[in-house]
Amino acid sequence: MSRWHNPVRVVQGPGALEALPALAEEALAGGGRALLVAWGEAPLAEPAFAALRERLGGRLETTVFPHSNPTLAQLFEAHAATRGKDFRLVVAVGGGSTLDVGKCLARLMGETVADVDALRARVAGKAWGACACRWIGVPTTAGTGSEVTCWATVWDPEREAKLSLDTPTNYAFAAVADPALTRSMPVGLAVSSALDAVAHATESHWARATNAVSRALAVAAIRTVMTHIDGLFAGDEAARAAMTEGATLAGLAFSGTHTTACHSLSYPLTLRYGIPHGVAVALLLAPVMRLNASVCDVAPLLGAFGAEGPEAVAARVRGLLLRAGLRADLRGWGARAEDLPGLAAHGFTKGRADNNPVPLDAPTAQALLAEIL
Ligand SMILES: [Fe+2]
């Protein structure tokens, strides 16, 4: 038996932004005010946001959340600023970090979390009832898929941990993915974000929790991204549109499965060395594919990659990263061989590592990391 469910209405592709004002008004049909959370002012110059302001008038407040990899402390600060305001809609505009924060703010709306320690416990808690505040995700990168998933990543640097606020009550009211918003992405970010989407799709395909719908979406996502990704280096508009489409498909694929070993092992790499998320997961793709090929049929994935085997996938990923000016080995980001046991020990994320089709024990995790050192 195979199950897949996703309640997010998705408006995707060139021109999608035009749908935003009407969607926001519909989300606020019951009354109340909206909070627009953006990573910066730049994307708000798009005409759709002027139309949104005009449509909602005094019911719209705007705030900027400029941080990447949001920490508990930063989320707490943002939550504290919304307390007592009782917004009924959050429109989050940005990369995965901004969308995750917007998603958390919506989920926490109406609650009074006392401090960072209380927030740590709240994020990890499972007791989430109905959500009084809707949210709309408007990605400005093409990769994270946060606009169509019901979980959000929050980092806890004090405990060197990655937390996930994960509840089916937190799917977006709508996702609006328009490639026009990805125009200003530097090529390194565009490539690493696209490879993050490829990892979401690939891991969704072989996840223990996989299903027929996710696998179909995953293959389409990988093919779409890998066929057009080279166009990013030329600033090609069709390539950007393909990345938005592929990232949306990948997001829908893994919204029903979660990720696996690549994501699980990547978190300490990002926490310790600041390796961009998309780079960290992309480096692990081929080693984990080689491992999982012992129990899974990876032929559909290889077909979508246009690769003959995991070695060809590794070479393709490395080539893309280097061409984008990004280091394609852990040493290049500051890791040393003696770090590997600690990285492996911190790489077991519940719900991700145990979602890998091949069990991930410490020696296996270390061997995978050694392959990309
Ligand atoms: Fe990811």
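## Basis of the model

The model is predicted, and local features need pLDDT of at least 70, while side-chain atom pairs count only at pLDDT 80 or more and totals for chains, interfaces and linings use all residues. Residues are numbered from 1 along each chain as its sequence is written.

## Overall form

The protein holds 14 helices and eight strands, where helices (H or I, at least four residues) and strands (E, at least two) are DSSP runs numbered from the N terminus. Its radius of gyration is 20 Å, close to the 21 Å that the globule rule gives for 373 residues, so the protein is as compact as a globular protein of that length; the radius is taken over C-alpha atoms, and the rule is 2.2 Å times the number of residues to the power 0.38. The C-alpha trace spans about 55 × 45 × 45 Å along its principal axes.

Of the 373 residues, 53% are buried, a residue being buried if 20 or more other C-beta atoms, placed from the backbone, lie within 10 Å of its own. Among contacts with a separation of 6 or more, 81% join residues 24 or more positions apart, a contact meaning that the C-beta atoms, placed from the backbone, lie within 7 Å.

## Two domains

The domain assignment gives domain 1 (9-180) and domain 2 (185-353 + 360-371), with bounds that come from an automatic or database assignment. Their C-alpha centres lie 25 Å apart, and the contact takes 19 residues from domain 1 and 25 residues from domain 2. On the side of domain 1 that touches domain 2, eight residues are nonpolar, eight polar and three charged; here Ala, Val, Leu, Ile, Met, Phe, Trp, Tyr, Cys and Pro count as nonpolar, Asp, Glu, Lys and Arg as charged, and the others, Gly among them, as polar.

Not counting residues up to four places away in sequence, Leu89 touches several residues, including Ala24, Leu28, Cys133 and Ile136.

## Tyr267

Tyr267 belongs to helix 9 (residues 261-273) and is buried, with 23 other C-beta atoms within 10 Å. Leaving aside neighbours within four places in sequence, Tyr267 is in contact with Lys162, Gly347 and Thr349. Trp155 is 112 residues from Tyr267 in sequence and 9.4 Å from Tyr267 in space, C-alpha to C-alpha.

Key
Two residues are in contact if their C-beta atoms, placed from the backbone, lie within 7 Å. A residue is buried if 20 or more other C-beta atoms lie within 10 Å of its own, exposed if 12 or fewer, and partly exposed in between; C-beta atoms are placed from the backbone.
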